[in-house]
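The structure is shown first, and the description follows.

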Amino acid sequence: MIVENLKKQIDSIINNTNTLESQLQGICDYLKSEINYYDWVGFYFKNGDKEELKLAQYAGEETEHTIIPFGKGICGQVAVSNKNFVVQDVNEQDNYISCGWKVKSEIVIPIFVNDENVGQIDIDSHTVNPFTEKDEELLEYICKKVSFLQI
Ligand code: SME
């Protein structure tokens, strides 16, 4: 993974699209097509005043998990921990919401606006142990960019 090139492409998607929805969709589509072990890419955001996440844009198979209560699953845990969560093997997690037998690993990175955790990017992979620090670097960069769009 050449993070610098990917970051430049993300910048151009954001700069060349003009609605939040199309920017987020563009990021999802780009990451899923560009990184072969990214099999599902989506954004969840806090659902108004509720203690739950709501699915926004995504690329990959449709999921029934469009609403996730805070604390539930990998995503719900990140909503309360405010920390990156890298799961190299989902079989080792008890508090995990399965999106199908094919998913073997998952990474979730929070998005902050004015120090408040407003949402996250969530990646599912069909490969065990695929993620490195490069993934965290790239996804943190994207989350920071998205936080500017949210304001
Ligand atoms: N696996 C997630 C649920 C969302 S899907 O991956 C799209 C979780 O445990 O929170």
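## The largest cavity

Helix H3 supplies three residues to the lining of the largest cavity, the largest share. The model is a predicted one. In this model, H3 spans residues 73–81.

The structure holds one cavity of 30 Å³ or more, and the space in the largest cavity comes to about 80 Å³. Its lining consists of Tyr44, His65, Ile68, Gly73, Ile74, Cys75, Tyr96, Ile97, Cys99, Glu106 and Asp122. Sorted by class, this lining has seven nonpolar, two polar and two charged residues.

## The ligand and its shell

The ligand sits in the largest cavity. Around the ligand are Trp40, Tyr44, Ile68, Gly73, Ile74, Cys75, Tyr96, Ile97, Cys99, Glu106, Asp122 and Asp124. By class, this shell comprises eight nonpolar residues, one polar residue and three charged residues.

Three elements each contribute at least two residues to the shell: strand E1 (40–46), helix H3 (73–81) and strand E6 (116–125). The largest share comes from H3, with three residues.

## Polar contacts and burial

- Glu106 takes part through its side chain, where a polar atom lies 2.8 Å from a nitrogen atom of the ligand.
- Asp122 also takes part through its side chain, with an N or O atom 3.3 Å from an oxygen atom of the ligand.

Taken alone, the ligand exposes 310 Å², and the protein buries 100% of that area. Ile74, Glu106 and Asp122 are also among the residues that line the largest cavity.

## The largest pocket

The model also has a pocket to consider. The largest pocket has a volume of about 240 Å³. Its lining is made up of 16 residues, and those nearest its centre are Glu61, Cys99, Gly100, Val103 and His126. This lining divides into four nonpolar, five polar and seven charged residues.

Which residues lie nearest the centre of the largest pocket? Cys99 is one of them, and Cys99 also belongs to the lining of the largest cavity and to the residues that surround the ligand.

Conventions
Residues numbered from 1 in each chain as written. Predicted model: local features only at pLDDT ≥ 70, side-chain atom pairs only at ≥ 80, totals over all residues. Heavy atoms only, no water. Near = heavy atom within 4 Å. Polar contact = N/O pair within 3.5 Å; in protein donor to acceptor, adjacent residues only side chain to side chain. Areas by Shrake-Rupley, 256 points an atom, 1.4 Å probe, with all protein chains shown as cover. 1 Å grid on protein atoms, 1.4 Å probe; cavity = no way out; pocket = protein on both sides within 12 Å on 5 of 7 lines; lining within 4 Å. Sits in = over half its atoms within 2 Å of the grid points. Helix = DSSP H or I, 4+ residues; strand = E, 2+ residues; numbered from the N terminus. Nonpolar A, V, L, I, M, F, W, Y, C, P; charged D, E, K, R; others polar. Points joined across faces, edges and corners; volume = space filled by probe spheres on them.
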